[in-house]
Amino acid sequence: MSSFIRPFVTVLLAVPSTAQADEWHKTYTVSGKASIHVETNDGSVRVSTWEGKQIEARVETIGWKIDDSDVRIIERLTGDRLDLEARVPNVHFNFGIGRRELRIELRIPRDADLNVRTGDGN
């Protein structure tokens, strides 16, 4: 080999993920049979039931903040009907760096009516 050819060395830097996490939660009391409508454009939803007359809602994020510029939460209780919506921005760039997640967890009365829609999630 010629002395003018130098080896090419690639250095990969491991940068630890400092993904921010955020959480929102609220409890709603219902008097009759609850009707719950949940919608998210990019998140997973987990539901458990219990004998109580309250709805407990929790939204957790990783890599997103819960505010008007990142994940928006829109909630409305009208009588015994709860409408809960969690939306991530329509345009976001990640480039594979860091993790972004949105999870909705609900604990609802056992006899409640439930309608869940998610654009991309479990």
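**First stop: Arg81**

Select Arg81 and show whatever touches it: setting aside neighbours within four places in sequence, you'll find Ser35, His37 and Arg76 in contact with it. Keep in mind that you're looking at a predicted model.

Now zoom in on the side chains of Arg81 and His37, which make a polar contact at 3.1 Å. Switch to cartoon and you'll see that Arg81 sits in strand E6. Is Arg81 buried, exposed or partly exposed? Its relative accessible area is 37%, so it counts as partly exposed. Next, pick the C-alpha atoms of Arg81 and Ala34: they are 5.8 Å apart, although 47 residues separate the two along the chain.

**Into the core**

Select Trp24, Ile36, Val38, Ile55, Leu84, Ile104 and Leu106. These are the residues that touch the most other members of the largest nonpolar core, which has 22 residues. Colour by strand and you'll see E1 (21-29), E2 (35-40), E4 (54-62), E6 (81-87) and E7 (101-109) each putting in at least two residues. E7 gives the largest share, with 4.

Stay with Ile36 for a moment. Beyond four places in sequence, its contacts are Ile55, Leu82, Leu106, Ile108, Ala112, Asp113, Leu114 and Asn115.

**Zoom out**

Back to the whole chain: there are 8 strands and 0 helices. Of its 122 residues, 27% are buried. Among contacts with a separation of 6 or more, 81% join residues 24 or more positions apart.

Terms used: Residues numbered from 1 in each chain as written. Predicted model: local features only at pLDDT ≥ 70, side-chain atom pairs only at ≥ 80, totals over all residues. Heavy atoms only, no water. Core = buried A, V, L, I, M, F, W, Y, C linked by side-chain atoms within 4.5 Å. Buried < 20%, exposed > 50% of the residue type's maximum accessible area, 1.4 Å probe, protein only. Contact = heavy atoms within 4.5 Å. Polar contact = N/O pair within 3.5 Å; in protein donor to acceptor, adjacent residues only side chain to side chain.
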